[in-house]
Amino acid sequence: MSVTITPVDPADDAAFGAWHHVYETSARHELGEVATPWQLEELRAMVQAGGSHSWSGAWSAVVDGDTVGAGWLRTPLLDNIELAELDVHVLPALRRRGIGTAVLARLDEEARSRGRRVLTGLSSWPYDAGSDGAGAPGPEFARARGFDLALSEVQRELTLPVADDLLSGLADNAARAHAAYTLRSWSGPVPDDLLQGWAEITSTLATEAPTGDLELEPEAVSTEAVREREATIARQGRRKYNTVALSASGEVVAYSDLATTVHEPGRAYQWGTLVRREHRGHRLGVAVKVAALRLLQRERPDVTRLTTYNAEVNSHMIGVNEALGFRPVARLGDFQRT
Ligand SMILES: CC(C)(COP(=O)(O)OP(=O)(O)OC[C@H]1O[C@@H](n2cnc3c(N)ncnc32)[C@H](O)[C@@H]1OP(=O)(O)O)[C@@H](O)C(=O)NCCC(=O)NCCS
């Protein structure tokens with residue numbers, strides 16, 4: 001069997017469609033109904049986006065003219081310039097024949113040529129397989145190829161709508177502890193007057209949330225990157241629902257954001273939730289999360305499933321999520337090789 005690894009042009013419908021088919025089939029094979037693969041147009045917009053903050057590329061593994069493996073690589077450009085994020089998928093029927101290894105080798109070569117020293121990859125497996133994913137294809141492949149599990153996460157799901165009295169009870173209880181702060185919620189792009197504060201607080205999520213053994217630097221603060229990402233989000237068919245908490249002086253000190261996509265009617269994803277260190281202890285985390293969820297429920301009564309991911313050790317955020325009714329459905333591992 002001879003495997004050829006070829007770059008995929010996102011503008012080539014047939015090649016990109018075949019690449020996405022492998023990725024989606026593989027992801028659904030691992031998790032079935034709770035899988036959360038990116039939709040074709042979402043990935044196409046991301047790979048085409050370019051922009052100042054990151055670069056992405058896609059490769060297919062082709063055997064006898066058929067696309068059977070899919071690889072993806074992303075490199076941040078403004079920060080974490082030694083890091084490359086990757087993903088590898090192989091059609092279930094053609095696994096254990098070295099195709100995943102061939103795709104990984106090509107991604108590795110590309111990452112090195114771009115000066116990257118740290119490789120990370122996400123892999124999902126069923127919840128019951130436990131935190132280390134022993135026996136599951138992704139974790140076993142990653143370990144066999146020299147990656148270590150740097151962070152264990154749990155995927156949780158919530159059926160919407162959450163009862164209004166539960167949400168108003170949580171919001172009122174939090175409000176008593178955060179009287180000195182105000183909340184602002186909106187859907188769509190960040191209002192101009194909040195842009196700088198939003199760029200600052202969201203840039204800290206990757207390093208302020210638990211990172212396990214991941215070698216991550218804080219992200220660069222860039223209002224231009226916020227606007228570039230929003231343009232990509234619009235091209236992807238996504239819409240954001242957001243809440244911030246402002247201190248008495250008007251500083252953005254906490255935020256929470258959710259996203260929906262036209263390509264998956266009825267579903268929404270929790271993105272970040274963060275409270276600046278100096279402002280913790282005032283129930284702002286619950287406050288912004290509940291406010292963003294209430295906004296989503298008001299504007300999008302069609303959404304019935306919300307998905308979130310948390311580090312296994314993030315007991316505070318998990319406590320908030322469980323109070324809302326989230327239930328664990330799968331595991332996600334962040335694997336790293338340096
Ligand atoms: C992970 C994945 C890409 C592996 O593809 P593949 O073509 O089967 O990989 P390879 O044949 O190159 O496997 C290389 C080695 O990894 C290990 N490995 C791979 N799958 C394994 C499994 N299910 N159980 C145990 N070890 C496994 C083995 O050591 C294997 O070598 P061997 O077959 O000689 O024993 C594929 O299972 C997949 O698409 N999984 C879902 C997506 C995913 O989790 N990707 C990882 C993202 S980092």
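1. Start with one residue pair. Arg156 has Thr308 of β11 as its bridge partner. The two strands here are β6 (residues 148-159) and β11 (residues 305-311), which pair in the antiparallel sense over seven bridges. Strands are DSSP runs of E of at least two residues, helices are runs of H or I of at least four, and both are numbered from the N terminus. Two strands pair if DSSP finds at least two bridges between them.

2. A word on the model. It is predicted: local features need pLDDT of at least 70, side-chain atom pairs count only at pLDDT 80 or more, and totals for chains, interfaces and linings use all residues. Residues are numbered from 1 along each chain as its sequence is written.

3. Now the whole chain. It holds ten helices and twelve strands. For 338 residues, a compact globule would have a radius of gyration near 20 Å, and the chain agrees because its value is 20 Å. That radius is taken over C-alpha atoms, and the globule rule is 2.2 Å times the number of residues to the power 0.38. The C-alpha trace spans about 65 × 40 × 35 Å along its principal axes.

4. Next, the sheet. Twelve strands form an open sheet with mixed pairing, in the order β1-β2-β3-β4-β5-β12-β6-β11-β10-β9-β8-β7. β1 (3-7) and β7 (182-187) stand at the edges with a single partner strand each, so one side of each has no neighbour in the sheet.

5. Look at β8 (residues 238-246). Seven of its nine residues are buried (20 or more other C-beta atoms within 10 Å of the residue's own, with C-beta atoms placed from the backbone; exposed means 12 or fewer, partly exposed in between). β8 pairs with β7 in the antiparallel sense over six bridges, and Trp186 stands opposite Asn242 of β8. β8 also pairs with β9 (residues 252-261), again antiparallel, over nine bridges. There, Tyr241 stands opposite Leu258 of β9. The β8-β9 hairpin has five residues between the strands, and Gly250 takes a positive phi near 90 degrees.

6. Finally, the domains. The chain is divided into domain 1 (3-116) and domain 2 (161-303), with bounds from an automatic or database domain assignment. Their C-alpha centres lie 29 Å apart. How many residues of domain 1 are in contact with domain 2? Twelve, and they meet 16 residues of domain 2. Contact requires C-beta atoms, placed from the backbone, within 7 Å.

How values were computed
Two residues are in contact if their C-beta atoms, placed from the backbone, lie within 7 Å.
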